[in-house]
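Colleague: Before we discuss the model, could you show me the sequence and the structure, so that I can set each term against its definition?

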Amino acid sequence: MSVIAGRRGHGVGKRSLDRRRFLLATASGVALAGIQVRDAKAATENDLAYANFGLATSYLVADFYSRSLEAAKLEASTRPALRRGRAAATLHARELTALLTGAGDTPATAEDFTFEWPVPTFATAASIRRTGTAVLRASLGAYQQAAATLTEPTYRVLFASLSASVAQQVGTFTTAGAPAEPFPLALDLEAASAALEAFLG
Amino acid sequence: MKTRLATLVVALLAGVCVAAVASARPQANAPLTIYAAASLTDVFRSFDSAQNYSFGASNALETQIRNGAPADVYASAAPLNTQRLHRAGLVEKPVTFTANRLALIVPRSNPAGIRSIYDLRSKPVKLVVAGPAVPVGGYTLTVLRKMGLSSVLSKVVSRESDVRAVTGKIALGQGDAGFVYVTDARAVSDQVTVVRVPAWAQPRVRYEIAVVSRSSNKAAAQAFITSVLSARGQTALKNAGFLAIPKAPA
């Protein structure tokens, strides 16, 4: 077995390093290290529209996780999943920001948004689950559509990855025993935007 | 007789001197000349009716200041205009004083049946926008690009000189839809229906204000800016539908 010597003299097995990196990336929701998003010169306006929507949605999802953690209404056992979800949403936002910057756009920042959560959203575990599922399903729907229809292949790979990450997160909010969704619905930008309009402000 | 004549001459000279000094020095109560974006028309007039205003497209006002127009204060709907003048030394350091959002408006009768911005793609529409150099015109292009809808620009029937002109055309039913600021839409809410621009597609609309370098009344000009930034000024802007001064990104 080959060994990579750590800089401080710690010997670390390559396999264990790779496994750790994989687990870390999976925990973060997306294996960004493996994604090579080409400079966006080849991207169409429609490709970038999905990126702009995805960026806003990532900020929204991160905010949702933060508020859910603050509210502390879900079982304590879900807190690690909420933190991982927030970390993944933050990484998604970072990646989409880089993508838009590369395309010559001025990407939105979290401060550009004033998210609107209906008053009872964080009052009970049930309403947190309901809202979390609605928000994540809408973003999942848009990412699926993007993965299938965008022009730029590297963008499609990125959105496929985002879809996988968000699909994992939906599980955090579905109650035990809830039926698995065999075919989550893909949503075009208009439908996904309409689904999230009430929250995006 | 000679004494009386001398007294009269002295008095006249003194009067001339006083008048000359008075015209060279700023007068505390003289109204300022404020050049401001057309979208600020109602709120600035109601906030401080004692000043002389010239409202118009920020880019046109910028040109006038470059050409030596006698403004004391310049308030623009886009940082681009104030920053350009600042770099040229024509205004002092600008400050952000409010923000705004874009909306699509359609006439109350809504002849084109527009319910969503995406309807602009599929329906025959007479679209009214501001010219690309006008801040609201530039912001319109940003919205359409962000939403992947730039193709609807082929439906533009008129490019107006400022946001008020766009609002007026739609209110009068001379177009099927037009992009304006939310605050302008409010001013004609009995004549138009507002179609929301999604938050994720909103441009960053920032208003900046600055003292004009050539102003002969800089103290009063600065005092006006301070009053706009004060709680009273910010409340007036908020009541008119403008947004609070945005936080800087973390």
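Modeller: The axes of helix α2 (residues 45-71) of chain A and helix α3 (residues 79-102) of chain A come within 8 Å and cross at roughly 155°, where axes are lines fitted to C-alpha atoms, for helices over the stretch in contact, and angles run from 0 to 180 degrees between N-to-C directions. This is a predicted model, in which local features need pLDDT of at least 70, side-chain atom pairs count only at pLDDT 80 or more, and totals for chains, interfaces and linings use all residues. Residues are numbered from 1 along each chain as its sequence is written, while chains are lettered from A and ligands numbered from 1 in the order in which they are written.

Colleague: What makes α2(A) roughly antiparallel to α3(A)?

Modeller: The axes cross at roughly 155°, and angles under 35 degrees count as roughly parallel, over 145 as roughly antiparallel, 65 to 115 as roughly perpendicular and the rest as oblique, so α2(A) is roughly antiparallel to α3(A). By class, their contact has 14 nonpolar, nine polar and two charged residues, with Ala, Val, Leu, Ile, Met, Phe, Trp, Tyr, Cys and Pro counted as nonpolar, Asp, Glu, Lys and Arg as charged, and the others, Gly among them, as polar.

Colleague: Which hand does the crossing of α2(A) and α4(A) have, and why are these two helices also described by a direction?

Modeller: The crossing of α2(A) and α4(A) is left-handed, a term used if the near helix is turned anticlockwise from the far one by less than a right angle, with right-handed used if clockwise. The axes of α2(A) and helix α4 (residues 125-149) of chain A come within 11 Å and cross at roughly 160°, and α2(A) and α4(A) are therefore roughly antiparallel to each other. The residues of α2(A) that meet α4(A) include A:Tyr50, A:Phe53 and A:Gly54, and among their counterparts in α4(A) are A:Ile128, A:Gly132 and A:Val135. By class, this contact has 12 nonpolar, five polar and no charged residues.

Colleague: Why is B:Gln64 called partly exposed?

Modeller: B:Gln64, which is found in helix α3 of chain B, has 15 C-beta neighbours inside 10 Å and therefore counts as partly exposed; a residue is buried if 20 or more other C-beta atoms lie within 10 Å of its own, exposed if 12 or fewer, and partly exposed in between, with C-beta atoms placed from the backbone. By the same definition, 36% of the 201 residues of chain A count as buried.

Colleague: Which residues is B:Gln64 in contact with, leaving aside its neighbours within four places in sequence?

Modeller: Those residues are B:Tyr35 and B:Ala69, where contact requires C-beta atoms, placed from the backbone, to lie within 7 Å. From C-alpha to C-alpha, B:Gln64 and B:Tyr35 are 9.4 Å apart in space, and they are 29 residues apart in sequence.

Colleague: How many residues of chain A are in contact with chain B?

Modeller: There are 15 residues of chain A in contact with 15 residues of chain B. On the side of chain A that touches chain B, α2(A) gives the most, with six residues.

Methods:
Helices (H or I, at least four residues) and strands (E, at least two) are DSSP runs, numbered from the N terminus. Two residues are in contact if their C-beta atoms, placed from the backbone, lie within 7 Å.
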